[in-house]
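Work through the exercises below with the model open. Try each task before you read its solution.

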Protein chains: 2
Amino acid sequence: MSLTDHADNSPAISGLSDTQAMLIDRYWRAANYVSVGQIYLLDNPLLREPLTHEHVKPRLLGHWGTTPGLNFIYAHLNRIILARDTDLLYVCGPGHGGPGMVANTWLEGTYSEIYPAISDDEEGMRRLFRQFSFPGGIPSHAAPETPGSIHEGGELGYALVHAYGAAFDNPELVVACVIGDGEAETGPLAASWHSNKFLDPVHDGAVLPILHLNGYKIAGPTILGRSDDTVLRQLLEGYGHEPFFVEGSDPMDMHRQMAATLDRVFDRIAEIQHAARAGEAPGTIRWPMIVLRSPKGWTGPKDVDGKRVEGFWRAHQVPIAEARENAAHRRLLEEWMRSYRPEELFDAAGRLLPELRALAPAGDKRMGSTPYANGGRLRRALRRPDWRDHAVAVPSPGGAIGEATRQLGKYLADVLRLNADARNFRIMGPDETASNRLDAVFEVTDRAWMQRTEPYDEHLARGGRVMEVLSEHLCQGWLEGYLLTGRHGLFNCYEAFVHIVDSMFNQHAKWLKVSRGLDWRRPIASFNYLLTSHVWRQDHNGFSHQDPGFIDLVVNKKADVVRVYLPPDANCLLRVADHCLGTHDRINVIVAGKQPAPQWLTADEAETHCAAGVGIWDWAGTDRDGRELDVVMACAGDVPTLETLAAVDLLRQHIPELKIRVVNVVDLMTLQPRSEHPHGLSDNDFDSLFTRNKPIVFAFHGYPYLIHRLTYRRANHANLHVRGFKEEGTTTTPFDMVVRNGLDRFHLAMDVIDRVPGLAGTTAHAKQAFRDRLIEHKQYITTHGEDMPGIREWSWPYRAPSDAGD
Amino acid sequence: MSLTDHADNSPAISGLSDTQAMLIDRYWRAANYVSVGQIYLLDNPLLREPLTHEHVKPRLLGHWGTTPGLNFIYAHLNRIILARDTDLLYVCGPGHGGPGMVANTWLEGTYSEIYPAISDDEEGMRRLFRQFSFPGGIPSHAAPETPGSIHEGGELGYALVHAYGAAFDNPELVVACVIGDGEAETGPLAASWHSNKFLDPVHDGAVLPILHLNGYKIAGPTILGRSDDTVLRQLLEGYGHEPFFVEGSDPMDMHRQMAATLDRVFDRIAEIQHAARAGEAPGTIRWPMIVLRSPKGWTGPKDVDGKRVEGFWRAHQVPIAEARENAAHRRLLEEWMRSYRPEELFDAAGRLLPELRALAPAGDKRMGSTPYANGGRLRRALRRPDWRDHAVAVPSPGGAIGEATRQLGKYLADVLRLNADARNFRIMGPDETASNRLDAVFEVTDRAWMQRTEPYDEHLARGGRVMEVLSEHLCQGWLEGYLLTGRHGLFNCYEAFVHIVDSMFNQHAKWLKVSRGLDWRRPIASFNYLLTSHVWRQDHNGFSHQDPGFIDLVVNKKADVVRVYLPPDANCLLRVADHCLGTHDRINVIVAGKQPAPQWLTADEAETHCAAGVGIWDWAGTDRDGRELDVVMACAGDVPTLETLAAVDLLRQHIPELKIRVVNVVDLMTLQPRSEHPHGLSDNDFDSLFTRNKPIVFAFHGYPYLIHRLTYRRANHANLHVRGFKEEGTTTTPFDMVVRNGLDRFHLAMDVIDRVPGLAGTTAHAKQAFRDRLIEHKQYITTHGEDMPGIREWSWPYRAPSDAGD
């Protein structure tokens with residue numbers, strides 16, 4: 001059965017017959033009824049008897065204001081799916097309108113299939129109402145628990161960017177994205193409008209933004225809600241859209257407007273795609289979009305206690321308070337619910353009437369059941385090349401110079417090659433792919449670009465798989481949407497500026513934590529961060545570019561979900577990145593430098609070292625003759641590793657009798673107790689590496705506190721001394737950056753001298769020599785503007801390349 | 001001397017005579033010359049001899065691409081200042097164009113006044129060139145060191161929001177804000193355009209956005225750079241602006257266009273302000289703005305090594321590489337520099353020629369010297385009421401119920417009253433002022449609102465001092481701009497969503513750290529965060545709203561700059577907030593709940609307790625008879641404090657002989673060693689509170705690791721057990737939130753039993769009773785949907801209000 005209206009020849013502008021409009025209106029009323037029921041009722045779901053105190057929840061929670069609009073859109077999109085057999089994904093920006101999403105997926109049958117205890121009859125309705133925003137039940141927002149959702153909507157701003165991420169490389173999909181006028185005030189949303197410049201009508205699906213203006217946020221009007229249509233049209237046209245307006249409050253009129261508009265809009269999408277896929281030169285594409293202006297809390301109570309509610313911000317959450325205790329309020333609630341005439345919507349058993357159920361599609365065409373919203377169902381394993389193909393030959397530790405990310409770029413180029421047909425891998429970054437030295441990927445692909453090109457442009461193409469935009473928010477959000485719909489990817493970013501998406505990371509980690517606990521949600525590919533251009537080599541850009549704190553944020557999240565890797569060289573980076581691309585339902589953070597630097601491990605050694613996550617570097621230490629150890633020098637991160645090895649070299653020269661063990665940490669989570677993280681070392685293993693009683697001098701990439709917080713329960717923690725970034729930065733030289741933060745070889749060597757008992761007296765000359773070198777260094781760089789020749793070199797047991805590290 | 005052209009009657013469209021255009025062009029060439037010199041030269045600044053190897057820097061750093069455009073704008077704004085006696089602040093979004101800002105402030109004389117070693121002659125020029133992006137010198141970006149700057153521009157996105165923050169309540173100021181087309185792609189910038197809806201033409205100054213499109217970011221074209229003017233005009237008109245376009249590359253033509261356009265634009269600003277200040281009904285205001293399209297790297301080398309540079313992304317940073325080593329490149333550089341004809345710009349001593357110097361204003365009218373860019377010069381102390389006026393009467397600990405933020409709202413209302421005439425205090429928040437229960441402020445003021453109002457609207461007004469927009473980015477950025485120009489304020493925010501501005505916090509902390517070290521920068525008021533609607537009372541909104549991690553980020557920053565306060569009740573909140581409003585050059589973070597909760601301290605007690613930052617609550621413990629202590633129960637945060645006191649109550653009932661000390665922490669920084677933070681307790685003081693050997697059970701508001709990282713050096717750290725948020729959240733009840741995270745009274749009491757030696761055997765019945773209560777609780781809430789009656793009550797030594805905590 002189709003609801004389109006080709007038979008009655010009505011004009012295109014009003015594509016809905018009266019009968020059809022009445023049917024849709026009843027469906028909408030059912031959704032509104034079930035939404036209000038969730039907010040208010042413990043029992044008596046079909047109002048078979050007058051509402052009493054016991055029928056009403058003790059805590060009234062939920063957001064009514066946006067919900068009727070969300071339900072209105074859902075009902076009309078159902079019509080489109082049936083009429084056009086479209087694959088539609090509903091991204092609900094105002095995710096706090098959770099009652100609406102739950103109501104609709106229950107009405108269409110999805111909910112009861114996923115959660116059989118919530119059956120499609122009166123008892124199911126009772127349980128559905130009861131569980132909403134109820135302990136042991138379901139959250140009040142669209143959430144991982146909500147069928148059909150890839151988007152929480154708790155923290156506003158990311159609806160549209162998620163929608164675009166979902167649409168990329170899904171040519172058959174249309175993503176309907178509802179944007180509330182509160183959300184429209186946020187920065188990420190404001191930037192997201194320009195995502196349409198990155199959408200390829202040939203290989204990507206379509207995004208239909210529906211700007212749902214009900215005029216108010218929690219306690220006041222909104223910017224766009226109070227903008228007149230002329231200015232609003234300019235803005236939306238300025239974003240490159242063709243806006244269609246649906247405005248009013250009379251339901252039947254609104255149904256006709258909405259249906260006619262959706263028909264025009266889906267025609268327009270089809271025309272654009274058809275033309276592009278037929279090979280027509282596209283010119284400038286103006287994708288259609290809809291502005292829906294409807295009253296906040298539409299169809300709800302007009303006034304409560306003499307105060308305006310419908311069409312005002314007071315409708316935002318629970319419009320009638322204290323309905324359990326206050327009999328007058330309870331009567332108002334009952335009147336409101338009865339205004340939807342449930343007897344015209346549900347049969348005697350409480351099931352949606354068949355003529356209404358027929359208005360929703362079936363099976364996976366239902367928006368609650370679409371596999372696009374449960375991306376693990378669509379996910380195909382990424383084909384990964386052998387990372388050893390791009391391993392650096394390392395004849396001896398330190399015996400080669402390489403740029404870690406440049407090697408990774410070659411590996412990623414192979415990943416792109418292998419998965420070119422599958423079109424399921426993208427690289428996101430804020431205009432830094434080349435700057436981060438991943439430019440080998442441009443041998444295989446280009447930057448996605450739909451706007452005008454000039455003859456001298458380089459690596460811009462419609463089908464490009466590298467997405468560059470100077471917005472970390474868009475990079476993050478696009479990739480989230482892309483992964484949540486079953487694909488794979490990598491976000492490469494300057495380390496300091498990934499803090500821009502701290503809160504998006506938080507929300508994605510929370511989403512994964514919850515969805516991992518839901519059997520019906522299939523695993524999605526992990527979110528992979530490559531943080532480069534890191535704190536130690538932003539000497540030229542200065543203090544604002546120097547911040548290694550993102551990983552502190554990361555380790556606050558659930559251990560199941562997060563991983564942090566600090567590969568010390570190119571081969572380790574390759575091994576780690578390859579591993580991460582094969583994982584699912586995690587967030588992997590890799591921190592690695594892009595500058596030429598000494599290489600330590602062969603491919604085989606890197607394999608072993610990274611598989612363990614932490615290990616003793618025998619060749620680097622001086623404790624090889626079996627005598628008792630004096631000190632452990634630990635390191636995590638590429639620059640700290642170099643400085644540690646150079647410090648060993650200094651100590652070997654000045655205090656040859658010192659027995660030093662070098663421990664390198666790749667997988668930061670190994671430091672935590674096993675009880676805290678699945679990668680955590682057992683106490684025995686930890687102690688066998690770090691000893692139970694020897695001093696440990698730990699050179700760390702980030703803020704030193706992080707190492708303490710990971711290790712404070714270990715036996716030898718009291719002997720642990722950590723050097724790291726202590727927020728001392730400016731425009732200077734690479735070596736001066738480590739000196740300013742006490743992470744350089746001289747400070748590390750002095751730390752060892754200060755901590756190994758019985759040495760201090762005999763080594764005053766060594767410490768003086770180190771201090772002298774630091775003074776010399778300071779004088780030299782302020783005179784010459786560059787690091788002193790030889791200052792960054794080292795010798796035994798590795799070679800000393802004179803051009804290392806720059 | 002004025003450069004306006006009223007005398008020669010030239011048409012308004014070309015307000016510049018040939019002579020004037022030539023003069024401005026020479027000024028511009030001087031700025032460009034001095035900019036290139038900074039990037040390249042160690043010596044020979046006036047090219048008195050041919051460039052040699054020794055004259056060129058070994059490391060070439062800096063961003064040329066945007067610089068000529070910045071210089072062009074600066075020169076023309078100088079003309080406006082002279083012609084109109086305008087107070088102009090230049091906010092340089094492309095702050096990486098630091099050479100331009102430095103060049104201009106040196107040419108106008110500001111630089112040499114602030115830094116006398118950099119004199120205004122040839123030797124000064126030599127030093128100016130040398131110090132740029134040189135160790136011991138100055139950063140490559142506009143930075144705190146740069147005169148006239150309130151904006152770094154390293155992390156892009158915040159130029160326009162800073163500009164608006166500066167303009168609020170500065171009616172005589174015009175803020176010229178240059179926005180690069182890279183920055184225009186960011187989310188915060190995209191949202192900032194709508195700031196014009198919050199600008200009051202009567203009481204605020206004006207913002208002149210200059211969208212400087214040179215077409216490229218680091219390695220590719222930009223979205224707006226490749227948009228055609230029609231679409232761009234729609235977008236900017238959609239933002240509510242009247243855009244004026246200045247486009248081209250021929251210098252003389254561009255000078256004429258720019259001058260004429262600036263004249264029109266400043267006329268337009270004056271008209272708008274004059275009409276509004278004369279009391280005319282404003283209707284919809286369309287503030288003017290400028291789109292400047294000019295080539296990237298304008299006037300630089302067209303091609304280098306056969307590759308396109310000018311007008312392309314290759315001009316972004318250093319257009320001619322290896323100019324020290326490569327003689328051909330060096331010749332190209334010399335040719336480029338000589339193309340500015342320095343002999344027409346500087347006299348024999350290397351000073352700017354008098355007729356050029358006359359093109360810049362003098363004294364504080366210079367954009368480098370304006371006090372608006374050194375806000376401490378303008379700052380007037382905030383008048384603060386007596387916070388005790390709003391103290392809650394606390395007859396006995398726990399003997400009163402109060403809502404902490406509601407009391408603070410009353411205090412803030414007084415602050416607004418006292419400073420109403422000074423117009424130097426604003427409250428920012430994302431639509432949550434009332435939700436956060438600060439609504440007493442609306443007795444005194446309104447929300448700032450310039451758009452249409454409806455008769456039923458509440459608390460919207462043009463002059464409102466509360467700024468609500470659903471964008472944490474705008475709240476943060478406006479307040480930064482407001483403080484940096486010498487005023488005061490508070491940002492109130494849901495705790496979880498303040499992560500949205502993590503990176504802005506980072507950058508502001510870095511700005512403060514550096515500016516505190518510059519004598520000439522006068523102290524500005526502290527940035528004050530009130531984080532409320534916090535993790536423990538977002539039980540109704542669910543997991544996405546539950547995140548206490550912002551303070552982890554905060555404590556990574558320099559100890560001089562950051563403070564974190566966790567007041568346990570209303571009187572402590574009042575005391576802490578009052579203190580914070582009186583501080584300068586800091587970032588104060590206050591975390592406090594908004595729900596009704598028991599009050600512990602009288603005003604006098606709160607004064608003493610908060611002044612110390614941490615203290616023993618004798619009345620709450622059970623160790624008052626002088627016997628040896630068994631355990632320390634520590635707490636930080638309002639909910640953890642309540643649970644700790646309730647746990648003491650349980651333990652007192654079940655194990656009366658147990659000797660418990662209660663320590664409450666208000667100022668988190670007291671926990672750190674004094675060597676790490678100025679508020680840190682000495683080890684002696686710490687040990688006298690926390691003992692050197694007794695178990696400590698610490699109930700903490702945030703992630704428990706934070707307490708470990710602050711205290712790991714303390715003698716008794718091994719005995720410290722911390723409970724806090726362990727990322728377990730959902731939609732549930734308030735008490736269930738603490739249960740899920742093991743922070744509730746029962747878990748705390750069991751923790752004590754487990755840790756006090758010799759108790760375990762005799763207390764099995766107590767533990768079983770606690771476990772039973774937890775099971776009972778779980779059963780009750782999943783049946784009833786609310787907390788079990790009595791579950792949140794407590795008794796001795798405080799009263800048990802039955803309605804506490806909701």
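The exercises that follow cover a strand, the chain contact, salt bridges and a helix.

**Ground rules**

This is a predicted model, in which local features need pLDDT of at least 70 and side-chain atom pairs count only at pLDDT 80 or more, while totals for chains, interfaces and linings use all residues. Residues are numbered from 1 along each chain as its sequence is written, chains are lettered from A and ligands numbered from 1 in the order in which they are written, and side-chain values use heavy atoms, with hydrogens and water left out.

**Exercise 1. Strand β9 of chain A**

Task: Find which way the residues of β9(A) point, and which strands β9(A) pairs with.

Solution: 

Step 1. Locate the strand. β9(A) spans residues 425-429. Helices (H or I, at least four residues) and strands (E, at least two) are DSSP runs, numbered from the N terminus.

Step 2. Check burial. Buried means under 20% relative accessible area, exposed over 50%, and partly exposed in between (1.4 Å probe, protein chains only). Five of the five residues of β9(A) are buried.

Step 3. Sort the directions. F425(A), I427(A) and G429(A) point one way. R426(A) and M428(A) point the other way.

Step 4. Look for partners. Two strands pair if DSSP finds at least two bridges between them. β9(A) runs parallel to β13(A), residues 488-494, with four bridges joining them. There, F425(A) stands opposite H488(A). β9(A) also pairs in the parallel sense with β12(A), residues 466-468, over three bridges. In that strand, M467(A) is the bridge partner of M428(A).

**Exercise 2. Two chains, one axis**

Task: Describe how chain A is related to chain B, and what their contact holds.

Solution: 

Step 1. Superpose the chains. Copies are fitted by least squares on the C-alpha atoms of residues with pLDDT of at least 70 in both. In chain A, the C-alpha nearest the axis belongs to G187(A), 2.0 Å from it.

Step 2. Count the contact. Contact means heavy atoms within 4.5 Å. Chain A gives 114 residues and chain B gives 115 residues.

Step 3. Take the area. Buried area is the accessible area (1.4 Å probe) that two parts lose on being put together, summed over both. Between chain A and chain B it is about 10000 Å², and carbon and sulfur atoms give 54% of this. In chain A, R59(A), R226(A) and Y705(A) lose the most area to chain B, together 8% of what that side buries.

Step 4. Count the salt bridges. A salt bridge is a side-chain nitrogen of Lys or Arg within 4 Å of a carboxyl oxygen of Asp or Glu. There are 16 salt bridges between chain A and chain B. One of them joins D547(A) and K557(B), at 2.5 Å from N to O.

Step 5. Name the elements. α14(A), residues 502-515, gives the most to the side of chain A that touches chain B, with seven residues.

**Exercise 3. Salt bridges and their places**

Solution: 

Step 1. Side chains of opposite charge can pair when their charged atoms come close.

Step 2. Take the pair between chains. The closest N and O atoms of R226(B) and D457(A) are 2.6 Å apart.

Step 3. Take the pair within chain B. R84(B) and D263(B) form a salt bridge at 3.3 Å.

**Exercise 4. Helix α3 of chain B**

Task: Say why α3(B) is largely enclosed, and what covers it.

Solution: 

Step 1. Count. 10 of the 10 residues of α3(B), residues 98-107, are buried, so the helix is largely enclosed by the rest of the structure.

Step 2. Find the cover. Among the elements over its buried residues are α1, α4 and α5 of chain B.

Step 3. Look past the end. G109(B) follows α3(B) and has a positive phi, near 100°.
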